[in-house]
Amino acid sequence: MRKKVTVVGAGNVGATCAQEVARRDYADVVVVDIIPNFPQGKALDMNQSGSVLGYEPNVTGTNGYDETAGSDVVVITAGKPRSPGMSRDDLVTTNEAIVGSVAKEVVKHSPKAVIVVVSNPLDAMCHVAKAVSRFPRERVVGMAGILDTARFAAFIAWETGASVKDVTAMVLGGHGDQMVPVVSATTVGGIPLDQLATKARIKKMVDRTRVGGGEIVNLLGTSAWYAPGAAAAQMVDSICLDQKRVLPCTVHLEGEYGVSGLYLGVPAKLGAGGVEEIVKLKLTAEEKRWLKDSAAAVRDVVGVLKKK
């Protein structure tokens, strides 16, 4: 039986995610957006590419939620994107209302779904989705670490002249400038990164990763979409196909890594039930300090939600 995946938001990120999931050909995909005719047009275009790319044309575009009923996974990409000079924190007020309204519809139409949050500011929007849906933490998870890790891996491949396929990396913490690229767990073809690059070159890669989203915003005038969409689709794959991949995800921590009551990026095993396990990674003293600082930064943003 085919799975059912809903993507809320037919903009660049949502459409990319929907297309990537459709191409896997294991799920029927529903794309929701409030703009009249927009998701319908996106869906029609995706369906017409099915014969070329080799998947069944089972993408539905809609302005409502009736068609989403019974979804196994709902990916929330809806919300205002970043613009030049805007931090993710600036998006809290606007996107809190949007994500909250979507979460209510998810509960109504797909009460057993796993929610994957992509909307920014990611960490705070995970709190909104969990609070409104009242789903257990296992079924509300954020996409950030996969994207940040992908950026880190690309920079490593370029700096070392290696294939990105041989790079194994991990980025933890909040989805902001204080994220934590875990150099101690990073290898290229099994060789530790610090054996392939100097501290100065590694610092350059780490610093660029931390501002990777802002770099693209400054170039495009809006947020990235190819890598974020593909990253969200990877999470959908692991959940729908019960792959049990260990991926860096934004998860509600309840004591793990010394953090409680906060969504933060950590390695997590994703399966049919959502987050099945939070994997404890051994960090250096410096990485632990970075993670603590990142958690503090996330709490500041979440605090804005609580004051409203």
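Which order do the 3 strands of the open sheet have, and is their pairing parallel or antiparallel?

1. The open sheet. The order is β7-β10-β11, and the pairing is antiparallel. Strands here are DSSP runs of E with at least two residues, helices are runs of H or I with at least four, and both are numbered from the N terminus. β7 (167–168) and β11 (191–192) are the edge strands, each with a single partner, so one side of each has no neighbour in the sheet. Between β7 and β10 (residues 187–188) there are 2 antiparallel bridges, where two strands count as paired if DSSP finds at least two bridges between them. Val167 sits opposite Val188 of β10.

2. Ground rules. This is a predicted model, in which local features need pLDDT of at least 70 and side-chain atom pairs count only at pLDDT 80 or more, while totals for chains, interfaces and linings use all residues. Residues are numbered from 1 along each chain as its sequence is written, and side-chain values use heavy atoms, with hydrogens and water left out.

3. The hairpin. β12 and β13 form a hairpin with 5 residues between them, and Gly255 in the turn has a positive phi of about 115°. The two strands run antiparallel, with 10 bridges joining β12 to β13 (residues 260–271). β12 (residues 245–254) is mostly covered, as 7 of its 10 residues are buried; buried means under 20% relative accessible area, exposed over 50%, and partly exposed in between (1.4 Å probe, protein chains only).

4. The largest pocket. Its space is about 730 Å³, a volume being the space filled by probe spheres set on grid points joined across faces, edges and corners. A pocket here is an open set of points on a 1 Å grid over the protein atoms alone, where a 1.4 Å probe fits, with protein on both sides within 12 Å along at least five of seven lines; lining residues have an atom within 4 Å of a point. There are 39 lining residues, and Val13, Thr77, Ala78, Gly79 and Pro81 lie nearest the centre. Two or more of the lining residues come from each of α1 (12–24), α3 (92–109), α5 (145–160) and α7 (212–220). α3 gives the most, with 4 residues.

5. Helix α6. This helix (residues 199–210) has 12 residues and reaches 16 Å from first C-alpha to last, close to the 16 Å expected at 1.5 Å a residue; the expected span is 1.5 Å times one less than the number of residues. Which residues of α6 are buried? They are Ile202, Met205, Val206, Thr209 and Arg210. These cover an arc of only 135° around the axis, which puts them on the same side of α6; the arc is that of the directions from the helix axis to the C-beta atoms. Ala200, Lys203 and Lys204 are exposed on the face turned away from that buried side.

6. Helices α3 and α5. The 18 residues of α3 should span 26 Å, which agrees with the 26 Å between its end C-alpha atoms. Its buried residues include Glu96 and His109. α5, with 16 residues, reaches 22 Å, close to the expected 22 Å, and Asp148 and Arg151 are among its buried residues. Gly161 follows α5 and has a positive phi, near 75°.

7. Asp33. This residue is in the loop between β2 (27–32) and α2 (38–53), and is buried, with a relative accessible area of 13%.
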